[in-house]
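Subject: Structure handover and notes

Hello,

Here is the structure for your files. My notes on it follow below.

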Amino acid sequence: MPSLTRCPECGAHLGPSRVRGEGPWNQGWRTGLSRDQQFVRRGDLEGDVLTPCGHIVELQYGPLPRIDIELRERVYGTMVWLFDACEAHRKGRLRLGLVPGRPHVNFVWNRPRQTLEACRRPVHLDLGESVQTESLHMVLRINRSHPKQPGRLSGSGVLYTAEAFHNWMAHGLPLTPFIPKAPEHAVA
């Protein structure tokens, strides 16, 4: 059995290849996960995270070819994707249309990831700290999407705080949507 190393940044238990191959984004999402929840073997693949309710969460920081997406979905079965979209949101290429008091949002993404349309399992986007939500770290679950024009993706989804998503992933707590507050001047 290969020896496991504890990541100095997040404390996660990592195999030798993981220490070299993963960056801070992946390691950050693994913080607080048990050893049994990480790098779970499914066939010839390793799922990134196994939730208490049996879902595989595939943490995807960089590009992934369509064929690899299709393979993972076929092998893992019950799974969700979490893609890093922090830079796109921070730079304004991924914008949200929030409606105060409602959990559903619209989004427009200019120059989205090329292979998102290959995903048949639920897709979540890590938005990072969003100025649109008082700098809370947010995750967007895409419910519907459609390309309006080449190089642009729009659709609708539900927002969660990163804390809520992590608690679902680590402890199986129900995912509670984030509901934007109405501006103070709108409150009667």
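His124 is buried, with a relative accessible area of 4%; buried means under 20% relative accessible area, exposed over 50%, and partly exposed in between, using a 1.4 Å probe and protein chains only. His124 sits in strand β9 (residues 123–130). Helices (H or I, at least four residues) and strands (E, at least two) are DSSP runs, numbered from the N terminus. Not counting residues up to four places away in sequence, His124 touches Val80, Trp81, Leu82, Phe83, Val139, Leu140, Arg141 and Phe165, where contact means heavy atoms within 4.5 Å.

Some ground rules apply to everything here. This is a predicted model, in which local features need pLDDT of at least 70 and side-chain atom pairs count only at pLDDT 80 or more, while totals for chains, interfaces and linings use all residues. Residues are numbered from 1 along each chain as its sequence is written, and side-chain values use heavy atoms, with hydrogens and water left out.

Overall picture

The protein chain has five helices and eleven strands. Of its 188 residues, 46% count as buried. Among contacts in the chain with a separation of 6 or more, 51% are between residues 24 or more positions apart.

Helix α5 and Trp168

Helix α5 (residues 162–171) is largely enclosed by the rest of the structure, because seven of its ten residues are buried. Those buried residues are Ala162, Ala164, Phe165, His166, Trp168, Met169 and Ala170. After α5 comes Gly172, with a positive phi near 75 degrees.

Trp168 has a relative accessible area of 11%, so it is buried. Leaving out residues up to four places away in sequence, Trp168 touches Thr51, Pro52, Cys53, His55, Val57, Val80, Leu173 and Leu175.

Aromatic pairs

How many aromatic pairs are there? The count comes to four. Rings of Phe, Tyr and Trp (its six-membered ring) pair if their centres lie within 6.5 Å; planes under 30 degrees apart count as stacked, over 60 as edge-to-face and the rest as tilted.

Trp25 and Tyr61 make a tilted pair, with 6.0 Å from centre to centre and 40 degrees between the planes. Because Trp25 lies in helix α2 and Tyr61 in the loop between β5 (56–60) and α3 (66–76), this pair ties together parts that are 36 residues apart in sequence. Trp25 counts as buried, at 12% relative accessibility. The Trp81 and Phe83 pair is stacked, because the ring centres are 5.4 Å apart and the planes are at 20 degrees. Both Trp81 and Phe83 are buried. Ring pairs also link Trp29, Phe165 and Trp168 into a cluster.

Is Arg30 buried or exposed? Arg30 is buried, with a relative accessible area of 0%. Its place is in helix α2 (residues 24–30). The side chains of Arg30 and Glu22 are joined by a polar contact of 2.7 Å. A polar contact is a pair of N or O atoms within 3.5 Å; within protein, one must be able to donate a hydrogen and the other to accept it, and residues adjacent in sequence count only if both atoms are side-chain atoms.

Leu94, in strand β7 (residues 94–97), counts as buried at 1% relative accessibility. Leu94 and Asn110 are 16 residues apart along the chain, and their C-alpha atoms are separated by 6.4 Å. With residues up to four places away in sequence not counted, Leu94 touches Ala85, Ala88, His89, Phe107, Val108, Trp109, Leu125 and Leu127.

Cysteines

The count of disulfides (pairs of cysteine sulfur atoms within 2.5 Å) comes to zero. Cys53 is partly exposed, with a relative accessible area of 45%, whereas Cys86 counts as buried at 14%.

Regards
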